[in-house]
Amino acid sequence: MTGTLLVTGTCSDSGKSTVVAGLCRYLARRGVRVAPFKAQNMSNNSAVTADGGEIGRAQAKQAAAAGLEPDVAFNPVLLKPGSDYTSQIVVRGKPWGTIDAANWPRLRRELSGVVAESLTELRSRYDVVICEGAGSPAEINLRAHDIVNLGLARTADIPTIVVGDIDRGGVFASLYGTLALLEPADQRLIAGFVVNKFRGDVGLLRPGLDSLTELTGRPVYGVLPWLVDLWLDAEDSLALDAGGVLGRPRPPRGEQWLRVAVVRLPRISNATDVEALAAEPGVRVRITSGAADLAEADLIVIPGSKSTVDDLEWLRDNGLDTAIRAHAEAGKPLLGICGGYQMLGRVIRDDVESKRGSVPGLGLLPAEFDFAADKTLTHPKGHYGDIPVSGYEIHYGRDTVDAGAASMFRLADGTGEGARLGSVSGTHWHGAFGCDAFRRAFLTGAAALAGRDRFAVDDTVDFAALRESELDALADLVGDHLDMAAITSLIRDGAAPDAPSLLPRLV
């Protein structure tokens, strides 16, 4: 089979990324050469490609579902918000500048060409391309400059399905209203609907599904049940609610739990690092912005940030710096990753990201940071003691660590990476906790520092296998609960040309 499909949603975090990943794995299992595509993504959770490019993390996960390595063509335009008004723009994997609402329309034409070229490239290399929309296609204030939802579908004549999140409530109104707000030429490409995150008896939902089909002239391709275990590689910051426990903690192997508090920075970036910790039995990972949670934690993690200096100021304004210092002074383990590592140093000199110049850090590590104009995008390898470790780097900051200070990791050439001082550690490496032996060694050391002597790691946890099993579960989910015969026909044949328009339109 050959063809293209666009998966849109009624809102952010409705399940578009999950459905695309499931479809990619489902088709790949059947020998279809399939690739994911998201024309324009907005996320601070990203991944590094083998050639040093940067794409949205969801597209890296979808690539894995398809059995592919991450590729800049899968996400040609990535917006990384640095404030409420501006975003860094990454084009074909490389930083391209900063945009705001005022200059977006001017840039849209050039970017639409990049999007079209990338989609054409993928269509030539693969049998099927499963595209993901962004937000909602019914954001009518953005439609004139849209290159990711119906703007993309209209340009490339792509059949489209709409995913609605029933867990939020009002799913029928959301699905119907999404279609009704579109102009007739856009409505023509909407082929049908998928209901996501349903709990209960589908039979109780059936009258509503039938009515939706009758009202719109379009089928509901299926109802996907709520699966609590699908939580790895969350891309949207909406999935990282402050105060929430990550994943579903399993009972400890020893006699004690290890409590991990991850600071919920306003501009949090690549916080998926800690998902591997949450996969360990007996480890409870809480995403928090509360000083009380930090005071109760055995291990505090300060994650990455898209705007390190601004988030450091937020820490201070909310008194979290005091809680972090108290934790370190008590000899309990504290880890900073990327932006979090930079916050732990003595000083940050930033004329690139925040343009705030020299700003004092928390002073808990013997390191200073200078922001360079070029972004570091690499896949480093090294050792933690005798344990091999690998990860990825995405940052502007360059560290200078005091001579003779302890490093976090050791590279092949003997140079160090990161810094350690007492119970405080920092590294620019994301993804290191995905290395099972390192994760166990780090947690064992952290438990000892925190006085959790009866905590024990589980040497059977294989995090890479957990990721693969989740992708297989997604494929099973769409295979068991969606009308895949109808969806594959839609991919192959396109949307029905005589689909009715809903009138009168409101706009």
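**Note on cavities, a pocket, a helix, a sheet and cysteines**

1. The lining of the second largest cavity has 8 nonpolar, 3 polar and 1 charged residues. Ala, Val, Leu, Ile, Met, Phe, Trp, Tyr, Cys and Pro count as nonpolar, Asp, Glu, Lys and Arg as charged, and the others, Gly among them, as polar. Its lining residues include D273, M408, W429, H430 and F438. The space in this cavity is about 60 Å³.

2. The model is predicted: local features need pLDDT of at least 70, side-chain atom pairs count only at pLDDT 80 or more, and totals for chains, interfaces and linings use all residues. Residues are numbered from 1 along each chain as its sequence is written, and side-chain values use heavy atoms, with hydrogens and water left out.

3. There are 4 cavities of 30 Å³ or more. On a 1 Å grid over the protein atoms alone, a cavity is a set of points where a 1.4 Å probe fits but cannot get out; a pocket is an open set with protein on both sides within 12 Å along at least five of seven lines; lining residues have an atom within 4 Å of a point. Grid points are joined across faces, edges and corners, and a volume is the space filled by probe spheres set on the points.

4. The largest cavity has a volume of about 170 Å³. Its lining holds 19 residues, with S305, C338, E353, I394 and H395 nearest the centre. By class these are 4 nonpolar, 11 polar and 4 charged. β25 gives the most, 3 residues. β18 (304-305), α12 (339-344) and β22 are among the elements that supply at least two. Helices (H or I, at least four residues) and strands (E, at least two) are DSSP runs, numbered from the N terminus.

5. β22 and β25 also belong to an open sheet of 4 strands, ordered β21-β20-β22-β25, with mixed pairing. The edge strands are β21 (357-360) and β25 (393-401); each has a single partner, so one side of each lacks a neighbour in the sheet. Neighbouring strands are turned by 35 degrees against each other on average, direction ignored. Axes are lines fitted to C-alpha atoms, for helices over the stretch in contact, and angles run from 0 to 180 degrees between N-to-C directions. β20 (347-350) and β22 (367-378) run parallel, joined by 3 bridges. Strands pair if DSSP finds at least two bridges between them. R349 stands opposite D370 in β22.

6. The second largest pocket holds about 940 Å³ of space. Of its 35 lining residues, R57, A64, P70, Y392 and R467 lie nearest the centre. α14 gives the most, 6 residues. The lining divides into 16 nonpolar, 7 polar and 12 charged.

7. Helix α2 (57-65) is mostly covered, with 8 of its 9 residues buried. Buried means under 20% relative accessible area, exposed over 50%, partly exposed in between (1.4 Å probe, protein chains only). R57 and K61 are among the buried residues. G67 follows the helix with a positive phi, near 80 degrees.

8. The whole structure has 0 disulfides, a disulfide being a pair of cysteine sulfur atoms within 2.5 Å. The sulfur of C24 is 9.6 Å from the closest cysteine sulfur, in C131, too far for a bond. For C11 the closest is also in C131, at 20 Å. C24 is buried, at 0% relative accessibility.

9. G200 sits in the loop between β11 (190-198) and α7 (202-216). This glycine is exposed, with a relative accessible area of 63%.
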